[in-house]
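Subject: Structure handover

Hello,

Here is the structure I said I would pass on. My notes on it follow below.

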Amino acid sequence: MRRFAWQLARHRGAASPQRPEDAKYPAGQLVAYGMQHILTMYGGVIAPPLIVGGAAGLSAAEMGLLVTAGLFVAGLATLLQTLGIGPFGSQLPIVQGVSFASVSTMVAISHTGGLREVFGSVIVAGVIGLLLSSFFAQLVRLFPAVVTGSIITVIGMSLMPVAFGWAMGNNPGKPGYGSMANIGFAGLTLLIILVISRLFQGAISRLSILIGLVAGTIVAATAGHADFSAVRTARLVAPPQLFHFGSPRFDVGAIVAMTIVIVVIMTETTADILAIGEVVGTEVDARRVADGLRADMACTAVAPVFGSFPCSAFAQNVGLVALTGIKSRFVVATGGLILVLLGLLPVVGAVVSGIPYPVLGGAGLVLFGSVAASGIRTLSRVNYQDNLNMVIVAVAIGVGMIPIAAPKFWDAFPDKVGVVLNSGISATAIVAVVLNVAFNEWKFGKRTGASVFAAAEDNRDRFGERIDDDIEP
């Protein structure tokens, strides 16, 4: 019996001191580091409900319900992803939240069928994604360093416009958007984070993002650029309401469109799981990816019951792990618990929502840049000699940058194509995987010295050697 229990624990990836993600911290540090994760992603988790709710014509009170539901479901999904229950959860330090990839599709559905059709399509698409999780995870072998490095780099770069938008004020129609004051608050927050990172070590340095956000908010509030008025009217406790917006409706067209989005979300989540594995320095195999996808899709299917939308991993928190070096999944699980409480305590959520967007932008610049830097570090381990890996990286990153550099590039294409390619992360993943198979896995026509880029690199090396030969006596 003991042997069976040991084998079962080993099969499920039970906590082991050898795994960096299983590190333990005192309760106080768990709360502080966990809150840092929540402050990092808070703006991202409340934005999709606000966008979709506005498109659906909801009242301010109903919009508040969408936001708190999103926080509550994000917390439950984070707990499931980090702690794991049976075959659900990767047991990695991954923060879950409402996916941005689904926003445009949900807005389109809400214009014709309302939120009830949105919820119906999310439920069915989530179940389909759950059924596909094990098969989808088998594709993990198609993600070597040349692929994952390209994806992680684009994840960081694709998040940069979000940080810049936050730094400017987040709302182009609001007075003061892009003002020197807003950008100044972002710059001050960035400066505080950099000074703390440079002058301090240990716990204080690891809390640099949290300290920067708090200090930046205090300065902004003193200057009259922070609004905490929502705290006065927020309810103290508000339990989640089931099917508050009515029972879901199921439309075939909406389900097909949402299923396409779910495939995109699964691609992004797979990339994020692989990325966090690289950052943490732990083994991530097909089974672990499948467990993570199951948690993702199960929470997506259940989210509409509470009035929320599809879940996915938040890439900005990958940057926080890379920046702070805090790799413990229990830290992120504590953050998930905080999210659940925020979903139950609207007054606390109102306090957190008072953090000005420019302050978030200053922190986002560091966080999202850290994600891109992690991707570059992964790409530095790739062998570029006598192969086409440089071509793979060049084209994959180039295609991934299209939605950032030319947002209307794919507008003339069918909507189903645009849903996939307008996400730089999923576009990079598709291109990198296909080119890696064609150039590295497929043996037909493969020959030595086929890459002009590799040849150019070799010529430069030989030129360098000749210079050295000339200099040497």
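At what angle do helix 8 and helix 15 pack, and how far apart are their axes? Please keep in mind that this is a predicted model.

The angle is about 155°, and the axes are 9 Å apart. Helix 8 covers residues 208-222, while helix 15 covers residues 357-379. Because angles over 145 degrees count as roughly antiparallel, helix 8 and helix 15 are roughly antiparallel to each other. Their crossing is right-handed.

Which residues meet there? On the side of helix 8 they are I209, G212, L213, G216, T217 and A220. Helix 15 contributes V359, L360, A363 and L367. Sorted by type, the residues of this contact are 7 nonpolar and 3 polar, with no charged ones.

The other topic is aromatic rings. The model has 7 aromatic pairs. One of them joins W410 and F413, with 5.1 Å from centre to centre and 75° between the planes. This pair is edge-to-face, because planes over 60 degrees apart count as such.

F413 has a relative accessible area of 39% and is partly exposed.

Ring pairs also link F119, F245 and F309 into a cluster.

Regards

Terms used: Residues numbered from 1 in each chain as written. Predicted model: local features only at pLDDT ≥ 70, side-chain atom pairs only at ≥ 80, totals over all residues. Heavy atoms only, no water. Phe/Tyr/Trp six-rings, centres within 6.5 Å; stacked < 30°, edge-to-face > 60°. Buried < 20%, exposed > 50% of the residue type's maximum accessible area, 1.4 Å probe, protein only. Axes fitted to C-alpha atoms, helices over the stretch in contact; angles between N-to-C directions. Helix = DSSP H or I, 4+ residues; strand = E, 2+ residues; numbered from the N terminus. Parallel < 35°, antiparallel > 145°, perpendicular 65-115°, else oblique. Left-handed = near helix turned anticlockwise from the far one by under 90°. Contact = heavy atoms within 4.5 Å. Nonpolar A, V, L, I, M, F, W, Y, C, P; charged D, E, K, R; others polar.
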